[in-house]
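Me: I am new to this structure. Can you walk me through how to read it, one feature at a time?

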Amino acid sequence: MRELIWLIPLIPLLSSVILMLAGSRLPRLMIGITGVGSVGLAALLTLTTGLNFMANPEPFQVTLWTWMQVGSFAPGVAFYFDGLTLVMMSVITGVGFLIHLFSTEFMERDESYARYFAYLNMFVAAMLVLVMADNLLLLYLGWEGVGVCSYLLVGFWYQNSANGQAARKAFIVTRIGDTAMALGLFLLFTELGTLDIQAMVGIANETWQVGDNVALIACLLLLAGAVGKSAQLPLHTWLPDAMAGPTPVSALIHAATMVTAGVYLIARTHGLFLLAPEAMMAVAIIGIATTLMAAFTALMQSDIKRILAYSTISQIGYMFLALGVGAWTAGIFHLMTHAFFKALLFLGSGAIIHCLHHEHNIFKMGGLRTRMPVTFWSFMIGSAALAALPMTSGFFSKDQILLQAYQMPGMGPWLWLAGLLGALLTAIYSFRLVFVVFFGAAKTEPDKDTGWRMAVPLTVLCGLSLIGGYFIIPVQDVFLAGSGDHPAHWVEYVSIAVPLVGVLLAYLIFHTGQLKVDGVVNSKVGQTLRQFWLSGWGIDWLYDRLFVRPYYAISGMLKSEPVDAVYGLIVAINQTFNHWLSRAQTGRMRWYIVSMVFGLVVLLTLALQISPEVL
Amino acid sequence: MDGLNIPLNHILLVSSLLFAIGMMGLMIRRNIIFILMSLEVMLNSAALAFVAAGAHWGQPDGQIVFMLILTVAAAEVAVGLGLVLQVQKRFKTLDMDHANRMRG
């Protein structure tokens, strides 16, 4: 079984190729079976491999062939399997399968049904390569592969040029991070002589002392790649726009899997990050800053998918915080639970959008509680987990992150406080969503309820969001165990209480209306702040001024090719002379004769003036 | 040498006058036949100068060149008159300015 793990990414890849080549000739049912079945098969294989691994938890490696051999550089097409890989693969294939199933109903009326599944399958294959890769080069292949699929799927409805814009933005902004990451790989190879992750970390520990500058630079470059892919400050601007894609795509790529690739990368190379404490500090600070920024923004949005997008950015910020404080297990744990409840929320919003004539504005919804019960309960459970209410999956993972952040020496309590503020905001915005969309008076009537292909994935994800917190992820061999001691009990109690306060606030403000906030919101400061947060802290505006416009200005200047002006001048001079001289060519012989005679007279006179002795 | 002895300078003066007359005709006439006639006058003025110079120095070369010019002039007239006929046929006029097709 273990030697066959290469089948897991291969099956979705094959299915993708089949759908690309023959998709237009296959009946819709066949397309659905191929697209969903391949991922289902991959999920089953992952399950069997996982059970096998649990019985004998020994990491193993499968080398298929040597990719290329250039001097001492010989990366193999090789897969590495340990507890971390297992967790990631389970999330990708498991949640991926549910989202594929959901898609068959969501996309049933779409013309490009086969193209959709071809892209989605290719994404799953690339993401599996990313997490299974034994060396950083193969990881980079998967990394770029998921980037391409993300581009293709964000711009899936390409007839609308705004979607194309969003797709390009997603691709280009992540490309900035990817370039930094490529530089990081070059640096690591030059310094350590290998890109095989396990060997590399070993060599790094022998070569570098803790706090080595080269290690710091390498880690910061890897971090830049992670920041781009995981939509963290300052490269997060692409994710809200990426919501232009179909909603199941947002669930799979922009919530559950691809955007967490950065978290995976840092967790996988944590051996390097341990050598660079400053880099880890940067990870933590980026994480907590992103968490707060995105949470404030999410509080102001009215587009249901944008709320969830900013919430995703915010939750990945928590994962970065966890990685930054060295709580690797908690970070990966939150990655997993987040994949469950955020996929649930996105699929729930997809169901709403599907049944409400593609309505995205939450203030045009309302009263959906009785009309779409399955979706309502999905959202309740998803929001509860997102807000980290006790006993839901999000509670266990977020609680661990906050407690471990508190224990960090130095600025730990501050990180903890900021994290608590983020948790409070998370609770408010997630339950604002629930109260506005599902309670109150109905504003738009759904024209249908969800079918079984939507209801089943929602139900399963509901279950996972509830009990996911009790899973024990098998990563104890991957990461060093943290310090076992617990902080004071009051810290724990406060962490539990804060989300509840947030839900209560949301209830009072958005449901009963007992807490009047209109006065604050409508004041001058409130309005300014609201606009500021609504626009995502003006970061898009800033980038537009800083990068996009100067770039356009420069390209506008270069469009007229200033260097060519020199050659243009020569051409212009020649043309002027040509114009003058060609006017002398009248074709009238008398004119020629007259000018010849006249010229002769002039020349003779001149010659005689100069040398009269000729006469 | 017997007979009339005309000074060379006088002959050269006549030759120059003939050349100038021919040149003026070339410059101001528009009819192609007159242009050809002006050309003949110019050729003959040159021939006269050759003959006079040959006689002055007692050399036969001047007369030989005169024969050459005579032949060239005959050939030129033959070709020129052919052209005149064609011009008349094509343009229904002998005015050279109207036969101009260039757009310079």
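**Reading the model, helix by helix**

Reply: Start with a buried set. In α21(A), the buried residues are S495(A), V498(A), P499(A), G502(A), V503(A), A506(A) and F510(A). Keep in mind that this is a predicted model.

Me: What covers the buried residues of α21(A)?

Reply: The cover includes α18 (393-407) and α19 (412-438) of chain A.

Me: How far apart are the end C-alpha atoms of α21(A), and what span should its residues give?

Reply: Count residues, then check the ends. Helix α21 (residues 489-512) of chain A has 24 residues, and at 1.5 Å a residue they should span 34 Å. The end C-alpha atoms are 33 Å apart, which agrees. Just after α21(A) comes G513(A), with a positive phi of about 75°.

Me: Now one residue. Is V491(A) buried, partly exposed or exposed?

Reply: Count the neighbours. V491(A), a residue of helix α21 of chain A, has 17 C-beta neighbours inside 10 Å, so it counts as partly exposed. The cut-off for buried is 20 or more.

Me: Let us step back. What does the secondary structure of chain A come to?

Reply: Chain A has 26 helices and two strands. Its C-alpha atoms fill a box of roughly 125 × 65 × 60 Å along the principal axes. Of its 615 residues, 49% are buried. Now take the contacts with a separation of 6 or more: residues 24 or more positions apart account for 80% of them.

Me: How are two packed helices described?

Reply: By two values: the angle between their axes and the distance between the axes. Here is a case. Helix α2 (residues 28-55) of chain A packs against helix α3 (residues 83-106) of chain A at an angle of about 155°, with the axes 9 Å apart. That makes α2(A) roughly antiparallel to α3(A). The cut-off for that term is an angle over 145 degrees.

Me: Is the crossing of α2(A) and α3(A) left-handed or right-handed?

Reply: Left-handed. Next, look at what meets what. On the α2(A) side the residues include G32(A), G35(A), V36(A) and G40(A). On the α3(A) side they include L86(A), M89(A), G94(A) and F97(A). By class, this contact has nine nonpolar, eleven polar and no charged residues.

Me: At what angle do α3(A) and α4(A) pack?

Reply: About 175°, with the axes 9 Å apart; α4 spans residues 113-132 of chain A. That makes α3(A) roughly antiparallel to α4(A). Among the residues of α3(A) that meet α4(A) are T85(A), M88(A), I92(A) and S103(A). Y116(A), L120(A) and V124(A) are among those on the α4(A) side. The classes here are ten nonpolar, four polar and no charged residues.

Me: What about backbone angles? Where is A388(A)?

Reply: In the loop between α17 (373-386) and α18 of chain A. A388(A) has a positive phi of about 60°, although it is not a glycine. With 32 C-beta neighbours inside 10 Å, A388(A) counts as buried.

Me: And is E561(A) buried or exposed?

Reply: Exposed, with 10 C-beta neighbours inside 10 Å. E561(A) also has a positive phi, near 50°, and is a residue other than glycine. Its place is in the loop between α24 (539-559) and α25 (564-584) of chain A.

Me: Which residues does a cis peptide bond join?

Reply: L233(A) and P234(A), with omega about -5°. P234(A) is in the loop between α8 (213-229) and α9 (238-241) of chain A.

Me: Last, the chains. How many residues of chain A are in contact with chain B?

Reply: Eleven, and they are in contact with nine residues of chain B. On the chain A side, α25 and α26 (589-610) each supply at least two residues. The most come from α26(A), with five. By class, the chain A side divides into four nonpolar, four polar and three charged residues.

Me: How many residues of α26(A) are buried?

Reply: Zero of its 22, so α26(A) lies largely in the open. The 22 residues of α26(A) should span 32 Å, and the end C-alpha atoms are 31 Å apart, which agrees.

Key. Residues are numbered from 1 along each chain as its sequence is written. Chains are lettered from A and ligands numbered from 1 in the order in which they are written. This is a predicted model: local features need pLDDT of at least 70, side-chain atom pairs count only at pLDDT 80 or more; totals for chains, interfaces and linings use all residues. Axes are lines fitted to C-alpha atoms, for helices over the stretch in contact, and angles run from 0 to 180 degrees between N-to-C directions. Helices (H or I, at least four residues) and strands (E, at least two) are DSSP runs, numbered from the N terminus. Angles under 35 degrees count as roughly parallel, over 145 as roughly antiparallel, 65 to 115 as roughly perpendicular and the rest as oblique. A crossing is left-handed if the near helix is turned anticlockwise from the far one by less than a right angle, and right-handed if clockwise. Two residues are in contact if their C-beta atoms, placed from the backbone, lie within 7 Å. Ala, Val, Leu, Ile, Met, Phe, Trp, Tyr, Cys and Pro count as nonpolar, Asp, Glu, Lys and Arg as charged, and the others, Gly among them, as polar. A residue is buried if 20 or more other C-beta atoms lie within 10 Å of its own, exposed if 12 or fewer, and partly exposed in between; C-beta atoms are placed from the backbone. The expected span of a helix is 1.5 Å times one less than its number of residues.
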